[in-house]
Amino acid sequence: MHKYEKIWLTTGISSLVLFLAILIITALHNGHTPAASGREYINPDRVDEIEPFNKPGLHKVSGKDYDYELVFVASAFSYQPAKVEIPKGSKVKIIATSKDTLHGFSLPGTNVNMMLEPGHISQYEKKFDEKREYLILCNEYCGIGHADMKSMIKVVDKK
């Protein structure tokens, strides 16, 4: 092998290794992890019978890193619940799934954006510091009634 070929191969491979190392270190530093296996799936035909999806809505929790769990179930062009009020300053863990087909769960103007697959449990934590209304939109085409699929989160003063 010629001297210049060795230099070119060494430079190329070194650049690739450096790029991958930076990518892995950055991902780990920012807390990116693969989804946990096994426990994130439920039977989509029995969503209404399985906790916490049998009682969609806002639930106060204690002893966790967050104040509330907000449970959503997406199905047939609607979200359950249709409207939720959250006390201002609350840290909320959003837990959602779909009963029928692929749906989206997006809060425009925030970084909350999840795909809801049948039987797959999607989760996201968000702190609601600002008193306002958040429109929840389905950002995955799910059928003829897709444009009407929405819900509302209203952040209110603490009682």
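Author: Leu-16, Phe-19, Leu-20, Leu-23, Ile-24 and Leu-28 make a nonpolar surface patch of about 620 Å². The model is predicted, so local features need pLDDT of at least 70 and side-chain atom pairs count only at pLDDT 80 or more, while totals for chains, interfaces and linings use all residues. Residues are numbered from 1 along each chain as its sequence is written, and side-chain values use heavy atoms, with hydrogens and water left out. A patch of this kind joins nonpolar side chains (Val, Leu, Ile, Met, Phe, Trp, Tyr) within 5 Å, taken from residues with over 30% relative accessible area and no salt bridge; a salt bridge is a side-chain nitrogen of Lys or Arg within 4 Å of a carboxyl oxygen of Asp or Glu. Accessible areas come from the Shrake-Rupley method with a 1.4 Å probe, and for residues only the protein chains shown count as cover.

Leu-23 lies in helix H1, residues 3–29 (helices are DSSP runs of H or I with at least four residues, numbered from the N terminus). An unreviewed UniProt entry annotates residues 7–28 as "transmembrane region"; such annotations may be inferred rather than shown by experiment. Over residues 7–28 the chain is 100% helix and 0% strand, with the end C-alpha atoms 32 Å apart.

As for the cysteines, the count of disulfides (pairs of cysteine sulfur atoms within 2.5 Å) is zero. Cys-138 is in no disulfide, the nearest cysteine sulfur being that of Cys-142, 3.9 Å away. That distance is too far for a bond. Cys-138 is buried at 7% relative accessibility, and Cys-142 is also buried, at 13%.

Methods. Patches are made of residues with over 30% relative accessible area and no salt bridge: like charges are joined within 9 Å, nonpolar side chains (Val, Leu, Ile, Met, Phe, Trp, Tyr) within 5 Å. Helices (H or I, at least four residues) and strands (E, at least two) are DSSP runs, numbered from the N terminus. Buried means under 20% relative accessible area, exposed over 50%, partly exposed in between (1.4 Å probe, protein chains only).
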